[in-house]
Every structure is written in C-alpha cells, then in structure tokens.
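Trainee: Could we go through this model together? I would like to know what stands behind each term before I use it.

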Amino acid sequence: MRGIFTFSAASALFLTLARAELDKPALTSDLDYLLEGNANNLPTVNSHIAVWPSGYIPKDCQDLGSGEGYNASDFEVYEVTYDDCADPWLFCRHRDVEVDIATAAETFSKLPVKVRDWVRQILLMPGANSAFAINGNVAFFGTTGSNVDVMIHESAHGLDGFAAFGENLSSSDGFLAAYDADTHVPDNYARSSQAENVAQNTVVAVYDKNVPGGFPGVQEQYTAILNQYSYIQDKAGDALVPGGTCDRHLENSEIVVLSSAANTTVSRARRGMAARWKVPQTEFKGEYSNVVKEFVPFRFKEEF
C-alpha cells in the first residue's frame with residue numbers, strides 16, 4: 001500500500017531546503033571517478049529471479065510508467081530475492097529498456113542491504129540516461145540501471161526523505177552545520193540543492209567506507225567536503241557497508257490486474273497448467289521492525 005501523506009512545519013522545511021540551489025563551489029565537475037571503485041569493491045549478493053505472469057503490475061509501476069508515457073502492458077514484473085532477505089524486491093522492466101533484468105538485479109545487490117531496505121519498487125525504462133526517486137520508488141532510464149553510483153544516489157533520496165537515520169538529512173541542523181564548515185560540495189550536480197548534495201555526499205560516503213584508501217585515496221582535497229560526508233557516515237552507522245540481513249521499511253504497492261490477465265488464465269488452463277498458476281502476492285512474509293506508512297511525499301528527478 002502507498003504511504004499516508006502527512007504534512008507539518010518540519011515537512012515544509014525539508015521540502016524548501018531540499019530544493020534551494022547552493023552557493024558553494026563544486027570540488028569536481030562530476031563523481032564519475034568514483035564509479036569503478038564502488039562497482040569493484042561493493043560485493044554482489046546472490047539472487048533468485050522469478051517473472052510474474054503477464055497481466056499483473058504493482059500500481060506504483062503502472063502510475064509512474066504511465067507518467068512517462070509507457071503502457072503498463074509493456075512492463076515485465078520480476079521478483080528478485082536476495083540471499084540476505086526473505087522477501088523479494090519487485091522490478092518493473094519495460095521490454096525496450098537497454099538493461100536486462102540480470103544486470104539490474106546484480107547492480108542493485110551491491111547496495112548495502114540497509115540501504116536497499118528503504119527502496120520500494122525499482123523501474124527500468126527506455127530513454128535518455130536519467131533517473132528519479134518518488135516516495136521510495138526508484139526509476140532508471142537508458143543504461144543507468146547498470147550504474148551502481150546512480151542507484152546509490154537515488155536510494156539516498158529515500159534515506160533522506162524517510163529520515164532513515166533519524167532525521168531528514170538535507171534540512172537537519174547537523175548536516176547544515178557540516179555544510180557550513182566545508183568549503184565545497186562534491187560536484188556540480190550537488191550544487192542543485194541540499195537534497196542533491198546529500199545524495200552525492202552519500203555516494204562519496206559509501207566509497208570512503210568500502211574502497212581501500214577511501215575518498216582521500218582518490219581526492220587530495222578531500223577535506224573540502226569532509227564534514228559533510230563524515231556527518232552522513234556518523235548518522236548511518238553500519239548502514240553504508242555490506243553485511244547483515246534485511247529489515248524492510250516500505251511496503252509494495254497493491255497489484256493492478258490488467259485485461260491480459262484473464263487471457264493468461266484461460267491459456268494456462270487450456271494447457272493443463274491452472275493448478276500451478278498463481279496470482280502474484282506482494283505482502284511481506286517476514287516480520288520487520290519499522291514499516292513506514294506515514295511520510296512526506298517527495299520527488300527528485302535527474303538527468304545525466
């Protein structure tokens with residue numbers, strides 16, 4: 001089910017500060033120089049991939065895909081179950097997207113499980129390289145579904161928006177003080193807003209935690225943003241490193257039955273397969289400590 005949207009003065013502050021352009025200079029033009037390190041040092045988690053029968057799709061995937069001009073019947077829905085979680089993540093893949101499901105599932109597996117816990121559904125769509133995060137759903141266009149740093153960035157919007165580490169980082173006094181104490185932000189894109197600054201600093205923080213030599217090993221001027229990415233690391237604790245098992249926080253959206261589902265049922269019944277055919281289920285099997293149902297809706301979209 002979708003979360004219940006609630007607003008407050010704190011919510012308004014988060015939304016205002018998250019989108020205001022920043023005046024500090026960028027340390028580098030982009031963070032492409034971190035991709036190889038994160039891709040090579042974040043371990044892959046084994047997974048099992050199962051495809052849903054045609055005619056069924058999570059409502060968020062239908063709605064978000066429609067918002068981009070895509071028909072729900074053109075999406076394949078996959079359950080990807082990782083070894084560190086009893087419940088699968090749902091991937092909604094448009095049949096024309098460049099990235100195959102195996103590649104996307106493997107790339108997503110590299111995110112530490114305590115980061116993946118704050119992702120609802122994953123969409124893969126064709127088009128120019130871009131991505132967005134909307135209320136815990138993350139979408140990747142073009143080839144970005146194979147880029148672990150883009151996945152970290154979009155997931156970081158959820159960590160921020162859902163206050164996963166106890167606060168909305170991009171509007172918290174602590175992070176803003178860290179920002180004030182530094183001379184730069186990570187790159188040009190981080191200058192877009194505090195929300196994008198937090199997301200890019202999260203990419204840096206993950207690199208620093210997981211790649212030998214850390215961020216100082218590739219950036220001599222690391223102290224220019226040290227307070228910002230260190231603050232995120234302190235708040236995250238062990239959430240930015242691999243290991244452990246899932247504690248899912250975001251329920252899947254409800255299932256939408258498309259007209260083609262009836263045809264699937266008839267076809268399988270005629271082949272004597274009706275006993276083995278099941279309607280997909282999205283409810284969690286596991287017991288989780290903090291399933292979030294009330295939150296401030298958020299949307300962040302970027303192009304690359």
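Mentor: Gladly; we will take the terms one by one and set each value against its definition. This is a predicted model, where local features need pLDDT of at least 70 and side-chain atom pairs count only at pLDDT 80 or more, while totals for chains, interfaces and linings use all residues. Residues are numbered from 1 along each chain as its sequence is written, and side-chain values use heavy atoms, with hydrogens and water left out.

Trainee: What makes Cys61 and Cys92 a disulfide?

Mentor: The rule asks for a pair of cysteine sulfur atoms within 2.5 Å. The sulfur atoms of Cys61 and Cys92 are 2.1 Å apart, so the pair meets the definition. The angle about the S-S bond is 80°, and the link of Cys61 and Cys92 is right-handed. Cys61 is in helix α3 and Cys92 in strand β6, 31 residues apart, so distant parts of the chain are linked. Helices here are DSSP runs of H or I with at least four residues, and strands are runs of E with at least two, numbered from the N terminus.

Trainee: How many disulfides are there by this rule, and what does Cys85 join to?

Mentor: The count comes to 2 disulfides. Cys85 is joined to Cys246, with an S to S distance of 2.1 Å. This link is also described as right-handed, with 70° about the S-S bond. Cys85 lies in the loop between β5 and β6 and Cys246 in the loop between α9 and β11 (255-257), so the pair ties together parts that are 161 residues apart in sequence. With bonded cysteines counted along the chain, the pattern is 1-3, 2-4.

Trainee: Why are Cys85 and Cys246 called buried?

Mentor: Buried means under 20% relative accessible area, exposed means over 50%, and partly exposed is in between, with a 1.4 Å probe and protein chains only. Cys85 has 6% and Cys246 has 12%, so both count as buried. Cys61 is buried at 0%, and Cys92 is buried at 0% too.

Trainee: How do you know that Lys59 and Asp63 form a salt bridge?

Mentor: A salt bridge needs a side-chain nitrogen of Lys or Arg within 4 Å of a carboxyl oxygen of Asp or Glu. The closest N and O atoms of Lys59 and Asp63 are 2.6 Å apart, so the pair qualifies. Being 4 residues apart in helix α3 (residues 59-67), they are separated by about one helical turn. Lys59, at 29% relative accessibility, counts as partly exposed, and so does Asp63 at 32%.

Trainee: What about Lys285 and Asp87, whose closest N and O atoms are 3.7 Å apart?

Mentor: That distance of 3.7 Å is within 4 Å, so Lys285 and Asp87 form a salt bridge. Lys285 lies in the loop between α10 (260-270) and β12 (294-295) and Asp87 in the loop between β5 and β6, so the pair ties together parts that are 198 residues apart in sequence. Is Lys285 buried or exposed? Lys285 is exposed at 61% relative accessibility, whereas Asp87 is buried at 1%. The count of salt bridges by this rule is 10.

Trainee: What makes β5 and β6 paired strands?

Mentor: Two strands pair if DSSP finds at least two bridges between them. β5 and strand β6 (residues 89-94) have 6 bridges, in the antiparallel sense, so they pair. Tyr78 stands opposite Phe91 in β6, and the two strands form a hairpin with 6 residues between them. Strand β3 (residues 47-51) pairs with β5 (residues 75-82) in the antiparallel sense over 5 bridges, and there Ile49 stands opposite Val80.

Trainee: And what is meant by the largest nonpolar core?

Mentor: A nonpolar core is a set of buried Ala, Val, Leu, Ile, Met, Phe, Trp, Tyr and Cys residues joined through side-chain atoms within 4.5 Å. The largest has 62 residues, and those with the most contacts inside it include Tyr82, Trp89 and Ile122. Helix α8 gives the most to this core, with 7 residues. Apart from it lies another core of 18 residues, among them Ala72, Val77, Phe132 and Ile134.
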